[in-house]
Amino acid sequence: MTNYGHELLFGGFLTPDAGHPEQVVARARLCEQAGLDLVTFQDHPYQPGFLDTWTLMSYLAAATSRIRLAGNVLNLPLRQPVVLARSVASLDLLSGGRVELGLGTGAFWDAIEANGGRRLTPGQSVDALDEAIRIIREVWAADRRGGVRVDGEHYRVVGAKRGPAPAHPVGIWVGAYKPRLLRLVGRTADGWLPSLAYLPNGPADLAGLNALVDEGAAAAGRDPAEVRRLLNVSGRFTGTGVGFLDGPPRQWVRELTDLVLEHGTSGFVLGTDDPASIQLFAQEVAPGVRELVAAERAGSTTPAVSLPPEPTGPAGDPTEPTGTAGPASGRRETVRAGGVAGLAVTPTPAPEVRHSDHRLWDESTRPVAPPAPAGHVYSPQAQAVGGHLVDVHDHLRRELGEIRDLLDQVRRGVVSAGDARGVLNRMTLRQNNWTLGAYCAAYCTLVTQHHGLEDDAIFPHLRRADPGLVPVIDRLEQEHVVIHEVVEGVDRALVALIGDPARLTGLQQAVDVLTDTLLSHLSYEERNIVEPLARYGFYPGQL
């Protein structure tokens, strides 16, 4: 077992598609909302089909509140080291310490040269990276006396002023595959960030490559544990296992756990733009790997399955749903190993307060799920699966509450621009109609993604598992269509608001209708499928 002692890190690797910038932002926010630690982007400044990575990261630093950001990896030949060091430090200060520096030597030399960069041989590119890392660290060392002086073959700095220093110790993570560069990683970097797809023999190559990093660290008098080992991964979530990272989430948990324990990998960055895969990776795979690894590191061979944590606010403190969006969420009692008869998950009650006179369906005609089998025993894992739907819905309720609070503040004008800044920063918003609209639009995207995941995967599984649920599933899918129309109404109101800032009332009315329909739907869904989910799971074979 290899243990470099680093806490586990899970992230997303998104395509910076210039043709759909709003989708890139929405997916980055989804990574944060789903609970990932990190969101990263490839950096090809010569590629006009991509958003500029540094500009995108700067925008997202203001559009998010918790998730860390990194290039994966930044193209050093087209990014001058002193300027890059100050850019990283500045964004780290502005974001509250949420930036890491992924660096690469460059690869597509025709394109680099066509855009003003210098063509380098493989050996020269390693030397250039070595010099650049020295320069970056010197610029960040703002407490040292004198200017930065590095008389290198590729970069020459003669007395540049130091600073600013980053808000936190920024990790320099290098993408590397060849022996000389791997030894350089061990000598000078904070992390090694390869892509599994580029390893000819897959995970079997990690041991030998790790040894080269360790060798470089030892030669420089460093502890090899100072270098975090990360890995870009890709794969498919399927019902049955087909190959490595090609199967159900429980298979991913086992295979990624093996990489942690055998090779010391402590960071996994999933390359996907699929919202459902992002959610499964964040909410199923990451917690499972963390739990198994923690148990192994503690010396336990039979880890207990824990319930998902209570929802938390941006700062990590327990929180209730905000504003007037709805009642308190369902609560779960702690379930000990061995299981209990009866489900310890309480569905969220239907909202008592309605904000609109619109009634888009007749709630009295809703079918009801068959009763649970008498005396059925729910294992801890089953309890957690049943509670997971409530957790997801709690997040939707909290976000909706924040939107309602913000709309109320804007409508009443009771908060000055200066006083509102702190509140809005915590909500990753700014006090203007355009970013208010962007926040509402991102929320509508989140609702649509959640319903799409249910319609495409969860509901078909429940139909097959229990024919008695078919009328309920049919009704839930019908309500999804209605809610989609309501979401489109919010979108139309946002467009009208952008054209005329005085039309805030129309947006308020649209959000009121969304509040009433969505909260009613979420409560109905929990009352009828939380218990079946605890018996059948979200997908075949989960339980």
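In this predicted model, pLDDT, the predictor's confidence in each residue on a scale from 0 to 100, stays under 50 over residues 415–435, for which the model has 29 contacts (heavy atoms within 4.5 Å) beyond four places in sequence. Over residues 300–340 pLDDT likewise stays under 50, and there the model has 97 contacts beyond four places in sequence. Where pLDDT is low, the predicted coordinates should not be read in detail. The chain as a whole averages a pLDDT of 85, with 84% of the residues scoring at least 70.

Because the model is predicted, local features need pLDDT of at least 70 and side-chain atom pairs count only at pLDDT 80 or more, whereas totals for chains, interfaces and linings use all residues. Residues are numbered from 1 along each chain as its sequence is written, and side-chain values use heavy atoms, with hydrogens and water left out.

The secondary structure comes to 14 helices and 15 strands, taken as DSSP runs numbered from the N terminus (helices H or I of at least four residues, strands E of at least two). Of the 543 residues, 52% count as buried, that is, under 20% relative accessible area with a 1.4 Å probe and protein chains only.

A nonpolar core is a set of buried Ala, Val, Leu, Ile, Met, Phe, Trp, Tyr and Cys residues joined through side-chain atoms within 4.5 Å. The largest has 84 residues, and Leu101, Leu103 and Phe281 have the most contacts inside it; helix H5 (residues 122–140) gives the most to this core, with 9 residues. Beyond four places in sequence, Leu101 touches residues including Leu74, Val88, Ile136, Trp140 and Trp173. A second, separate core of 23 residues includes Cys444, Val487, Leu507 and Leu518.

The lining of the largest cavity includes Arg354, Trp361 and Asp516.

| Space | Volume |
|---|---|
| Second largest pocket | about 1,000 Å³ |
| Largest cavity | about 60 Å³ |

Each volume is the space filled by probe spheres set on the points, which are joined across faces, edges and corners.

Key:
Buried means under 20% relative accessible area, exposed over 50%, partly exposed in between (1.4 Å probe, protein chains only). On a 1 Å grid over the protein atoms alone, a cavity is a set of points where a 1.4 Å probe fits but cannot get out, and a pocket is an open set with protein on both sides within 12 Å along at least five of seven lines; lining residues have an atom within 4 Å of a point.
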